[in-house]
Amino acid sequence: MTLAATALMLLAGSAWAVRPEAAIKAYEAGNHASAAALLQPLAEAGDADAQNFLGALYHLGQGVPRDEKTAVEWVRKAAEQGHVIAQYNLGQSYEDGMGVEADDLEAFRWYCRSAMQDYNRAKSKTLEAFQGCRMMGTCGVFLKEPCAEEFYNRYLRREMTVPNP
């Protein structure tokens, strides 16, 4: 698999509920425009995997013009359906200000949702936020978030492990 394909799989996620096979084959063959064309109707029909994959293509500018705002729109649709990788990707967009205004609290919200579904990268980001807020004395804001208290309590009770970054 090429470096670009590996990057896309990290952005789109490696655990597909229903894999858009034809789009993946087209992408891996280097036909990114065909992959995007195959994904578009699936994404429009509400397929969260296709939405996240299409968002990754817009983020990378592969097969479609690079457009961070469009990337975030597609990823958000998948994230709002509970797609664990899309939730992480949306958190990353807010953390880095890619396609949206940078917003650490909104990034935390999406990372935490993904972490509660046991996605390791999101668990690490969520824990980093708690460690950072403790150092800066700003945890009150984070702890008001719906999943924050549950995440932190599960972590403290060792019901949730967080891998080393």
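The stops below begin with the whole chain, continue with pairs of helices, and end with charged side chains.

**Before starting**

This is a predicted model, in which local features need pLDDT of at least 70 and side-chain atom pairs count only at pLDDT 80 or more, while totals for chains, interfaces and linings use all residues. Residues are numbered from 1 along each chain as its sequence is written, and side-chain values use heavy atoms, with hydrogens and water left out.

**Stop 1: the whole chain**

Helices (H or I, at least four residues) and strands (E, at least two) are DSSP runs, numbered from the N terminus.

Next, colour the chain by accessibility. Of the 165 residues in the protein chain, 46% are buried. Buried denotes a relative accessible area under 20%, exposed one over 50%, and partly exposed anything in between, with a 1.4 Å probe and protein chains only. Among contacts with a separation of 6 or more, 53% join residues 24 or more positions apart; a contact means heavy atoms within 4.5 Å.

**Stop 2: helices α3 and α4**

Select residues 32-44, which form helix α3, and residues 48-60, which form helix α4. Their axes come within 9 Å and cross at roughly 140°. Axes are lines fitted to C-alpha atoms, for helices over the stretch in contact, and angles run from 0 to 180 degrees between N-to-C directions. The two helices are therefore oblique to each other: angles under 35 degrees count as roughly parallel, over 145 as roughly antiparallel, 65 to 115 as roughly perpendicular and the rest as oblique. The crossing of α3 and α4 is left-handed, that is, the near helix is turned anticlockwise from the far one by less than a right angle.

Now show the side chains where the helices meet. From α3 come H32, A35, A36, L39, Q40, L42 and A43, and from α4 come A50, Q51, F53, L54, L57 and Y58. This contact has 10 nonpolar, 3 polar and no charged residues. In this division, Ala, Val, Leu, Ile, Met, Phe, Trp, Tyr, Cys and Pro count as nonpolar, Asp, Glu, Lys and Arg as charged, and the others, Gly among them, as polar.

Within α3, centre the view on L39. Is L39 buried or exposed? L39 is buried, with a relative accessible area of 0%. Not counting residues up to four places away in sequence, L39 touches P20, A23, A50, F53, L54 and L57. From L39 to L54 the C-alpha distance is 6.3 Å, across 15 residues of sequence.

Then move to N31, in the loop between α2 (21-28) and α3. N31 is partly exposed, at 39% relative accessibility. Select Q62 as well: N31 and Q62 are 31 residues apart in sequence and 9.0 Å apart in space, C-alpha to C-alpha.

**Stop 3: helices α5 and α6**

Select helix α5 (residues 68-80) and helix α6 (residues 84-96), whose axes come within 8 Å and cross at roughly 135°. The contact is made by V72, V75, R76, A78 and A79 of α5 and by A86, Q87, N89, L90, S93 and Y94 of α6. By class, the residues of this contact are 7 nonpolar, 3 polar and 1 charged. α5 and α6 are oblique to each other, and their crossing is left-handed.

**Stop 4: salt bridges**

How many salt bridges does a search of the whole structure find? The search finds 4, a salt bridge being a side-chain nitrogen of Lys or Arg within 4 Å of a carboxyl oxygen of Asp or Glu. Side chains of opposite charge can pair when their charged atoms come close.

- Select R66 and E68, a salt bridge whose closest N and O atoms are 2.7 Å apart. R66 is exposed at 57% relative accessibility, whereas E68 is buried at 16%.
- Select R109 and E106, whose closest N and O atoms are 2.5 Å apart in a salt bridge. Both lie in helix α7 (residues 104-115), 3 residues apart, about one turn of the helix. R109 is partly exposed, at 25%, and E106 is buried, at 15%.
- Select K123 and D118, a salt bridge with closest N and O atoms 2.7 Å apart. K123 is buried, at 2% relative accessibility.

Finally, remain at D118, in the loop between α7 and α8 (120-136). D118 has a positive phi of about 75° although it is not a glycine.
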